[in-house]
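Reader: I have a model on my screen and want to learn how to read it. Where do we start?

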Amino acid sequence: MTLPLFPATAQLIASHGGFGLNFNPFETNIINLAIVIAGLVYFLKGFLGGILERRRSAILSDLKDAEERLAAATTSLADAQKGLAEAQMRAESIRSEGQSRAEAIRTESEKRTVEEMARMKQDSASDLDAEAARVSDQLRREAARLAIEKALTALSGKLDSEAQAKLIDQSIQSLGKA
């Protein structure tokens, strides 16, 4: 037969014929366990406390770091939103300036076109007046020449050669003045 690890427990079970509780502190090693646990608590308190304190410090440092990064990110987000708002305002300003500039260019172009058309109309009217004056002057000269020729032919039979030469000289002089 093998000896059990806990002889007192084995005797107790054998004497009563079943399971029971042993309240003898020396037999149950409660005092030994209490001493070991107290020793562990006393000696490991500094060791485990130090580990727990370092862990607590590390966690608090990480939390502080995370809060600082959150604050920095919040500041960066606010700055980015502010920059976006400024960029949108500049874009709107540029767009409105572009529209007003395009409108001014269109208006200026229309004004120049109207002025150019008026100038061209005035030039064509001046050219037309000059051409009409030239044609009128040419017709007058042609009419005068024809009238002189007709008069000379009609007078040639009525005038002598001296009077005819005098009349031709006067006609040439009057044509030169016209």
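Author: Start with helices. A helix here is a DSSP run of H or I, at least four residues long, numbered from the N terminus. Keep in mind that this is a predicted model.

Reader: Which helix holds L175?

Author: L175 lies in helix 4, which covers residues 161–177.

Reader: Is L175 buried, partly exposed or exposed?

Author: Buried means under 20% relative accessible area, and exposed means over 50%. L175 has 34%, so it is partly exposed.

Reader: What does L175 touch, leaving out residues up to four places away in sequence?

Author: L175 touches A144 and I148. Take A144: it is 31 residues from L175 in sequence, yet the C-alpha atoms are 8.1 Å apart.

Reader: How is a pair of aromatic rings described?

Author: By two values: the distance of the centres and the angle of the planes. This structure holds one aromatic pair. The rings of Y42 and F43 have centres 5.1 Å apart. Their planes stand at 80 degrees, so the pair is edge-to-face. The cut-off for that label is over 60 degrees.

Reader: Are Y42 and F43 buried or exposed?

Author: Y42 is exposed, at 62% relative accessible area. F43 is exposed too, at 64%.

Reader: Which residues make the nonpolar surface patch?

Author: V36, L40, L44, F47, L48 and I51 make it, and the patch is about 530 Å². Look at F47. F47 sits in helix 3, residues 30–156. Its relative accessibility is 53%, so F47 counts as exposed.

Notes:
Residues are numbered from 1 along each chain as its sequence is written. This is a predicted model: local features need pLDDT of at least 70, side-chain atom pairs count only at pLDDT 80 or more; totals for chains, interfaces and linings use all residues. Side-chain values use heavy atoms; hydrogens and water are left out. Rings of Phe, Tyr and Trp (its six-membered ring) pair if their centres lie within 6.5 Å; planes under 30 degrees apart count as stacked, over 60 as edge-to-face and the rest as tilted. Buried means under 20% relative accessible area, exposed over 50%, partly exposed in between (1.4 Å probe, protein chains only). Patches are made of residues with over 30% relative accessible area and no salt bridge: like charges are joined within 9 Å, nonpolar side chains (Val, Leu, Ile, Met, Phe, Trp, Tyr) within 5 Å. Accessible areas come from the Shrake-Rupley method with a 1.4 Å probe; for residues, only the protein chains shown count as cover. A salt bridge is a side-chain nitrogen of Lys or Arg within 4 Å of a carboxyl oxygen of Asp or Glu. Helices (H or I, at least four residues) and strands (E, at least two) are DSSP runs, numbered from the N terminus. Contact means heavy atoms within 4.5 Å.
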